[in-house]
Amino acid sequence: MKPLYLEIRAFGPYAGVQAVDFSQLRDYRFFLIHGPTSSGKTSLLDAICYALYGDTSGKVRSGENMRSDYAAASEGTAVVFDFAVGENRYRVRRSPRQWLARKRGAGSLVEVGESASLYRLDETRRETAVLAEKSQRVTAEVQRLLGFRSDQFRQVVLLPQGDFRRLLLADSSERQEIM
């Protein structure tokens, strides 16, 4: 799986829209997300895991818990993630159940249910086909495409922060177990 593009809206510490264009990395297969403590690095990994599987990188928080405390009540929480598997490109859109400002009528907030969709993309990253809709179906299709469940993805593709120090200090047999 190769990440191509990530867009997060009202997610984690990010009140508005943030985008990361991984396609700028071109053919680099390994990259590091780094920055000061509490700068939002883990939230980017949470967003990728949430888009793909409906849970977060530490599996501590749900998508509902990832709604930004700083977002306006009218700004919906959502993640869009484009990725490639071999020559095939895909886009997953996912939003948690959340309370948003009413667009019309009386009352201040209305509950909006979770949503998820998975699309096939063409070479220009335009959506060409809907592959799955609804959270469980999208997650099942992502598992089929990637060959990983959420816990396996976090262990194999992401190196969690807490395990990095452990990896550096480990002997070779421990490193193999961590990896």
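R26 sits in the loop between β2 and α1, where helices (H or I, at least four residues) and strands (E, at least two) are DSSP runs numbered from the N terminus. R26 has a positive phi of about 55 degrees although it is not a glycine, and with a relative accessible area of 60% it is exposed, a word used here for over 50% relative accessible area, with buried meaning under 20% and partly exposed the range in between (1.4 Å probe, protein chains only). The model is a predicted one, in which local features need pLDDT of at least 70 and side-chain atom pairs count only at pLDDT 80 or more, while totals for chains, interfaces and linings use all residues. Residues are numbered from 1 along each chain as its sequence is written, and side-chain values use heavy atoms, with hydrogens and water left out.

Seen as a whole, the chain has five helices and eight strands, and from the N terminus on its elements follow the order β-β-α-β-β-β-β-β-β-α-α-α-α. Of the 179 residues in the chain, 38% are buried. Among the contacts (heavy atoms within 4.5 Å) with a separation of 6 or more, 53% are between residues 24 or more positions apart.

Helix α1, which covers residues 41-53, has 13 residues and reaches 19 Å from its first C-alpha to its last, close to the 18 Å expected at 1.5 Å a residue, the expected span being 1.5 Å times one less than the number of residues. The helix is mostly covered, with eleven of its 13 residues buried, including L44, D46, I48 and Y53. Just after α1, G54 takes a positive phi of about 85 degrees.

On a 1 Å grid over the protein atoms alone, a pocket is an open set of points with protein on both sides within 12 Å along at least five of seven lines, and its lining residues have an atom within 4 Å of a point. The second largest pocket is lined by 14 residues, of which V20, L32, I33, H34 and L44 lie nearest its centre, and the elements that give two or more residues to this lining are β2 (14-20) and α1.

In the loop between α1 and β3 lies S68, which is buried, with a relative accessible area of 4%. A polar atom of the S68 side chain lies 3.2 Å from the backbone oxygen of G12. Leaving out residues up to four places away in sequence, S68 touches A10, F11, G12, P13, Y14, A15 and T77.

Strand β3 (residues 78-85) holds D82, which counts as buried because its relative accessibility is 0%. The side chains of D82 and R91 are joined by a polar contact of 2.7 Å, that is, a pair of N or O atoms within 3.5 Å of which, within protein, one must be able to donate a hydrogen and the other to accept it, residues adjacent in sequence counting only if both atoms are side-chain atoms. Apart from neighbours within four places in sequence, the contacts of D82 include P3, L4, Y5 and R125. R125 itself belongs to the loop between β7 (115-121) and β8 (127-133), is partly exposed at a relative accessible area of 24%, and has a phi near 65 degrees, a positive value in a residue other than glycine.

Finally, G86 lies in the loop between β3 and β4 (88-95) and counts as exposed, at 67% relative accessibility. The C-alpha atoms of G86 and M1 are 7.4 Å apart, although 85 residues separate them along the chain.

Terms used: 1 Å grid on protein atoms, 1.4 Å probe; cavity = no way out; pocket = protein on both sides within 12 Å on 5 of 7 lines; lining within 4 Å.
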